[in-house]
Each structure stands twice: as C-alpha cells, then as structure tokens.
Amino acid sequence: MPAYRVPAFLAELLHARSPSGYEAEAQAVFDHHVKPAADAYANDALGNRIATLNPKGDPVLMLAGHMDELGLIVTYVNNHGYLYFDTIGGHDLSVISGRRVIIQTAAGPVKGVTGKRAIHLMDEEDRKKVPKKHEIWIDIGARDKADALSRVSIGDVATYDHELELINGSIGTARAFDNKVGAYIVGETLVRLAREKKKLAAKVVSVATTQEEIGVRGATTSAYLVNPHIAVAVDVGHATDHPDCDNRKFGETKLGGGPIICRGANINPKVHARLLAAAKKLGIPFQNEADPRPTGTDARAIQMGRGGVATGLVSIPLRYMHTPSEVVDLQDVERCVQLLVEFAKGLEKGDYAHW
Ligand SMILES: [Zn+2]
C-alpha cells in the first residue's frame, strides 16, 4: 500500500507548537496557507485568524476550529535548576512524567524531560498514586538555578516532543490532533471554496480560534466580530472503539467511520439537518452523536454570541484525547473538508431567517 500523503498544511500545523495563549507558530502556518486564498484576512487581540471569502455574500457562515493545544507553563525554578510547572488545558497527570518536552523560549527551543521519583524509590502506597503536579518537574540538564534561568524564563511554555507519525495507512498519531485537524479543516475548506467562488451565495468566514482549551475564549471574541447567521465548529470527538469504553455510557463512534455530526441543545436543528443532507449527497460515511448540554467546544461560545447563532458541530473521531499520543484516521479529516465545502455551497441567500 502506498504511504498516505499528509497535506503539507496539516503536517505543518501539527508540527507547530501552540499552547493556549502562545499560538504564534500555528498562526504563521494558517497565515501562510489560508491568507492567499481569502478576500480579506484579519486577526484580533486574542490572536484569532479570521479569513473571509465572498464578503458581500448572504448568509454569513462562520467556520471555527481551534488551533491552540495543551501545554505546560513554567512557574518556578528551584535552586538545583529543576523547573516546576502548571498545566495548560485538561491534562491526565498520570501520563505527564517520563516525556521529552520542548520549551519555547525567547532564544528558541530548549529540550528537557519530565521527571519524577523512580518506582524503586517509592514505598508501596506511593506506587498506587497518580503524582500531583508539584511532584513532577522538567529537567533541562541545568547545573543550578542561575544556569536554568539563563536559558528559560518563568512563563515559558512546553509541549511534548511527539511528532506526527503514520502507524497504519491513513491512521496517524500526534500530540495535538486536538485540534490542529479542526483548524486545518476550516482553513482548507475556505481554500477549496475559493476555487469555485462563483457557486457560492454565502459569505464564508473561517476562523482559527485561540484559547479553546482554557474556556473557548477565542471563539467568544471572534464570533462577536464575525457576527454570523450560521456557524459550524470543528473539533475532535471521542472514538469509543477501543477497549474499556462502555458504549452504554459513551455512545458508539469509531475511527474511519467519517465525521461525527452532533445533535442536542447546542446544535440548531436546521444546521444539523443540512449537515446530514450534505453528507448523504456526497455519499461519504458519517456518524451521529448526541450531547444534551452545551458542548465542550467552540460551538458553546458561538451559539450564545450576540443575539444567538444557528450553530452546528462536526467532530473528527479520535482516540486517547489529551494524551501525547492521540490517534486519528486522516481519511475522516479529508471527508470533513468535503462535508463543509458541500454544506457551504448549499446555503442560499436568506437561508437563516427561520433557523
Ligand atoms: Zn481538547
């Protein structure tokens, strides 16, 4: 089987290090690949990237995918030169230690590892416990505090040194599919729509949002700025096709089964119906998911923007969310781009009046 070809735009986004509040590298990738296709391009004070196509179009459709990722932020350096940190986003503390990390500093990347006391040095009770944040540190090989602080500053951020690798055909692993895939999908959708702009009634605004992992903050400000009639957020969703995942509790979704189309109070029924219709028209596989609450995605902020926005949510099935080794089938990513292109092209002038 020939190796699956990963689009350069997606590969670069996955490589870019962009913990919440420190998204500069991902912004640069989005700028490079999306700005040339857009009719207008802007950013706001939170660092959102806002690309507009067909600015006089009607209705206004906002597509949002967050480009921030989990990280660690350096909070304290002890006398021996070990760095202590707080977590950016929802980490599983049981998987932080024993990792190679890269710290982004003013002078460039600094390599380190996350350390904790070895199992041999723990008593029986300690071995059963998940370490607390202050029981893990980052070791950059510093001789002492002054040496460490000559290379790293308080407030610098670190990410796991886990790059994208394909493990079987189109199935890949990376540290931050959540949610570089979503930022890629909304950007790539705009790039493809730009090639067939004549068929487009809607104004399409694709936003790579910031600070989703710490409270959908970029989506909040960008939705206000864009002021859309209709919006679709793109994020990752839990694939439940692995061991120890009870379908009775978590539903049934799988890798390679196509984009997950969400339904529930956060989702406008007409947007949901149109997304389903677009998937069926294309003949691509898709999956259904129900969520009775405001979702933990940008859709939550966008729906409540200004006077309310008819919002949908499409998710890429993903295993091992918020760990250094998330797993995704990249075919689902491509299908999601096709789905959003079809959805956008299907919108007609005045579509939204009674949504
Ligand atoms: Zn996340």
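Predicted model: local features only at pLDDT ≥ 70, side-chain atom pairs only at ≥ 80, totals over all residues.
The crossing of the two helices is right-handed. On the α5 side, the contact residues are V181, Y184, I185, E188, T189, R192 and L193. They meet V333, C336, V337, L340, V341 and A344 in α10. By class, this contact has 10 nonpolar, 1 polar and 2 charged residues.

Helix α8 (residues 269–282) also packs against α10: the axes come within 9 Å and cross at roughly 115°. That makes α8 roughly perpendicular to α10. The crossing of α8 and α10 is right-handed. Here R274, L275, A278, A279, K281 and L282 of α8 meet Q338, L339, E342 and F343 of α10. The residues in this contact are 6 nonpolar, 1 polar and 3 charged.

| Pair | Axes come within | Crossing angle |
|---|---|---|
| α8 and α10 | 9 Å | roughly 115° |

Now the domains. The domain assignment gives domain 1 as 8–69 + 176–345 and domain 2 as 71–160. Taken over C-alpha atoms, the centres of domain 1 and domain 2 are separated by 32 Å. At the contact between them, 10 residues of domain 1 touch 13 residues of domain 2. The domain 1 side of that contact has 4 nonpolar, 3 polar and 3 charged residues.

Notes. Residues numbered from 1 in each chain as written. Left-handed = near helix turned anticlockwise from the far one by under 90°. Helix = DSSP H or I, 4+ residues; strand = E, 2+ residues; numbered from the N terminus. Contact = placed C-beta atoms within 7 Å. Nonpolar A, V, L, I, M, F, W, Y, C, P; charged D, E, K, R; others polar. Domains from an automatic or database assignment. Axes fitted to C-alpha atoms, helices over the stretch in contact; angles between N-to-C directions. Parallel < 35°, antiparallel > 145°, perpendicular 65-115°, else oblique.
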